[in-house]
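Let's take a walk through this structure together. Keep the sequence and the 3D view side by side as you read.

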Amino acid sequence: MPTSFDRSTIDTFLDDIHPHLGERILFDARHVRWFDPNGLLGLLVGGTIARDAHGALPRLELPEQGEVASYIGRMGFFEAARGVFDFDEPQRRTGGGASDVLLEITPIGTHGDVHHVVDRVQGKASSILSSKLNYSAAAAVPFAVILSEVCQNIVEHAEAPGWVAAQSYFWKQRLGRQVVVISVMDVGRGFRGSLEGEHSARYGDRWSDVTSLEAAFLHGLTRFPDSGRGQGIQQMRKQVRKWNGAISIRSGTARIAQVPEWDDAPPLVDGMKPIPGALITMVLPAKDDPS
Amino acid sequence: MTDRPLDGVAIDVQAVLDGIGDPIMQQSVSLHSYLVTRPTGRAVRMAIEAQLPGPGRVALSVIDFSEVRLIDYSCADEVVAKLLQRYLEAGEPDAYFVFRGIGEAQWEQIVSVLERQGLAAVHQNESGSFELMGVRSDAEHSVWLRLEGEGAVEPEGVQALFDGDADDAVLNSILNRGLAFRAPQSGRLHALSRLVEHLL
């Protein structure tokens with residue numbers, strides 16, 4: 001596993017699992033020194049793919065560095081990893097959430113889970129968004145709304161459970177400023193699977209992971225004929241753009257992104273190794289300090 | 001029918017949320033105080049509909065969002081857009097709605113779902129004045145504002161509402177979209193704001 005496990009390394013990590021599917025895989029995280037929410041959820045997705053392909057729990061060796069192990073404990077990784085990995089859970093864990101943990105890893109399988117996420121995030125979001133990102137106090141509302149919509153995407157479309165997590169940290173390399181990273185992942189049927197029955201015929205031979213992502217991400221299509229559907233992703237894109245943030249969705253073999261000027265990620269990637277479900281990432285950068 | 005044939009109902013959305021009868025939803029909404037997710041919105045809309053008069057009666061409702069702290073797009077679509085759509089299927093509606101207390105925390109979500117569905121609604125803002133939210137043409141807005149200023153207009157005075165591009169078609173559009181009320185017998189036009197005074 002990469003030593004830094006985040007948005008930039010998760011694709012390679014998931015691609016690297018593929019040749020070994022069907023074997024019992026050892027996930028060696030002993031030398032990982034950095035996880036962001038994408039890394040933690042990506043590890044859960046990778047473990048789930050390996051487990052389902054082999055039929056037994058893959059082995060996970062936890063990070064040796066104390067701070068890293070403590071952090072992933074605070075993020076609720078050990079609870080989420082039960083049933084996904086075979087691992088030696090540490091005896092002692094640091095209690096309480098760190099101040100920069102906006103939302104610990106939270107399973108999403110029902111609409112009740114979405115209510116739970118919105119309830120949990122309300123108090124912290126207001127203080128973290130204003131103190132760390134210099135957003136207005138009112139930003140907690142649209143933040144909770146996009147979290148609600150992105151989590152509902154799992155419940156309404158994935159037909160399989162998923163997870164959400166969010167954290168604030170200082171992103172030194174690329175931005176040199178504080179960011180909030182939101183990660184939402186599931187191991188369901190993906191965008192192509194969700195839209196196939198309703199829309200694939202119209203696309204004919206062009207129907208693919210790319211066209212299905214474009215249909216949902218750019219045009220707001222859903223599998224429901226109801227014209228009120230499909231607003232969630234569109235409104236997420238709009239809100240993230242307002243905050244000069246980045247949002248991307250990887251599903252199947254493709255990834256689509258809305259890329260701000262500070263990011264050099266490509267807006268569309270195809271030809272990656274297929275994964276089940278969807279990986280949604282949002283990065284919200286701090287505004288300039290008003291002082 | 002008299003000139004005030006409407007059955008008035010004042011509905012506090014938060015109270016509806018607190019009192020939803022479905023045990024599953026009741027559990028959900030009593031544990032979680034925010035208006036999020038489609039099932040919650042659907043339950044709130046059904047509870048609102050249950051408070052409206054039955055077939056053959058025309059309803060006038062004030063839907064109060066003052067106590068709602070947060071609503072997401074999915075829930076707004078279920079509570080507001082689908083509620084309006086249900087009563088706007090053909091001709092002049094059999095239910096009229098005035099929304100009130102939609103603050104900054106709910107405004108964008110509710111306007112977005114109205115715009116997506118091509119709907120408009122009458123809203124009483126915090127200052128107590130009434131406004132149109134959602135999709136409306138300039139001509140519709142102009143006629144609506146004039147009627148709002150007058151409160152009520154006799155049939156023979158309808159032409160006074162028209163200015164610029166406005167004409168009978170614009171007035172009919174306002175009526176069919178549930179933004180004003182025409183008494184069936186007298187033909188008198190009423191601004192919804194005046195009709196809901198006793199409900200506020």
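In helix 4 of chain B, the buried residues are Tyr73(B), Ser74(B), Cys75(B), Ala76(B), Asp77(B), Glu78(B), Val79(B), Val80(B), Ala81(B), Lys82(B), Leu83(B) and Leu84(B). A residue is called buried if 20 or more other C-beta atoms lie within 10 Å of its own, exposed if 12 or fewer do, and partly exposed in between, with C-beta atoms placed from the backbone. That leaves helix 4 of chain B mostly covered, with 12 of its 14 residues buried. Helices (H or I, at least four residues) and strands (E, at least two) are DSSP runs, numbered from the N terminus.

A word on the model: it is predicted, local features need pLDDT of at least 70, side-chain atom pairs count only at pLDDT 80 or more, and totals for chains, interfaces and linings use all residues. Residues are numbered from 1 along each chain as its sequence is written, while chains are lettered from A and ligands numbered from 1 in the order in which they are written.

What covers the buried residues of helix 4 of chain B? The cover includes helix 6 and helix 9 (231-242) of chain A, along with helix 3 (38-51), strand 3, helix 5 and strand 4 of chain B. The length of helix 4 of chain B can be checked too: at 1.5 Å a residue its 14 residues should span 20 Å, and its end C-alpha atoms are 18 Å apart, which agrees. The expected span is 1.5 Å times one less than the number of residues.

Now look at where the chains meet. In all, 21 residues of chain B are in contact with 18 residues of chain A; contact means that the C-beta atoms of two residues, placed from the backbone, lie within 7 Å. On the side of chain B that touches chain A, the elements giving two or more residues are helix 2 (23-31), helix 4 (73-86) and helix 5 of chain B. Helix 5 of chain B provides the largest share, six residues.

Chain B also holds an open sheet of five strands in the order 1-2-3-4-5, with mixed pairing; two strands pair if DSSP finds at least two bridges between them. Its edge strands, strand 1 (7-12) and strand 5 (130-134) of chain B, each pair on one side only. Strand 2 (residues 59-64) and strand 3 (residues 95-100) of chain B run parallel and are joined by six bridges. Across this pairing, Leu60(B) stands opposite Tyr96(B) in strand 3 of chain B.

Over in chain A, strand 6 (residues 162-171) is mostly covered, as seven of its 10 residues are buried. Strand 6 of chain A pairs with strand 5 (residues 101-108) of chain A in the antiparallel sense over five bridges, and Trp163(A) is the bridge partner of Pro107(A). Strand 6 of chain A also runs antiparallel to strand 7 (residues 177-186) of chain A, with 10 bridges joining them. In the hairpin of these two strands, five residues lie between them, and Gly176(A) takes a positive phi near 65°.

Finally, visit the largest nonpolar core, which has 141 residues; those with the most contacts inside it are Leu40(A), Ala144(A), Leu147(A) and Cys151(A). Such a core is a set of buried Ala, Val, Leu, Ile, Met, Phe, Trp, Tyr and Cys residues joined through C-beta atoms within 7 Å. Helix 6 (residues 140-158) of chain A gives the most to this core, with 12 residues. Not counting residues up to four places away in sequence, Leu40(A) touches Phe35(A), Ile72(A), Met75(A), Phe77(A), Ile105(A) and Ala165(A).
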